[in-house]
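New notebook page. I'm looking up a few things in the structure shown here and jotting down what turns up.

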Amino acid sequence: MDGTAILFILAIAGVVAIFLFALKGLLDQLPDVFDSAGRARDAWDRLTKKNDQAPQPDATEEQPPLAVSPASSEEPPAAA
């Protein structure tokens, strides 16, 4: 009977260890799942967004230089 009790305790400990290992693996994947869900939600919002407004440039993008108006005081170079 003593040998059976020891085997039973070892079996329970093994099952608990396997369960904890699987739970840790699942919990380690949750941040990546939440990040992916956020990116998918953002992409869906961009897809379904109405085009009522012109797209606004990002604050990190460099603005192109303004073109010089043709009514400036300088004359273009003359052709030879």
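First, a term: a patch is made of residues with over 30% relative accessible area and no salt bridge, with like charges joined within 9 Å and nonpolar side chains (Val, Leu, Ile, Met, Phe, Trp, Tyr) within 5 Å. Accessible areas come from the Shrake-Rupley method with a 1.4 Å probe.

Ground rules: this is a predicted model, where local features need pLDDT of at least 70 and side-chain atom pairs count only at pLDDT 80 or more, while totals for chains, interfaces and linings use all residues. Residues are numbered from 1 along each chain, and side-chain values use heavy atoms, without hydrogens and water.

Entry, overall. Of the 80 residues, 1% count as buried, meaning under 20% relative accessible area, with exposed over 50% and partly exposed in between.

Entry, patch. I looked up the nonpolar surface patch: its members include Phe8, Leu20 and Phe34, and together the patch has about 1,200 Å² of accessible area. Leu20 sits in helix α1.

Entry, salt bridge. I got one in the whole structure, using a Lys or Arg side-chain nitrogen within 4 Å of an Asp or Glu carboxyl oxygen. Asp28 and Lys24 make it, at 2.8 Å from N to O. Both lie in α1 (residues 2-48), four residues apart.

Entry, bend. I see α1 bend by about 30° at Leu30, with Pro31 following within four residues; the angle is between axes fitted to the seven residues ending there and the seven starting there.

Conventions:
Buried < 20%, exposed > 50% of the residue type's maximum accessible area, 1.4 Å probe, protein only. Helix = DSSP H or I, 4+ residues; strand = E, 2+ residues; numbered from the N terminus.
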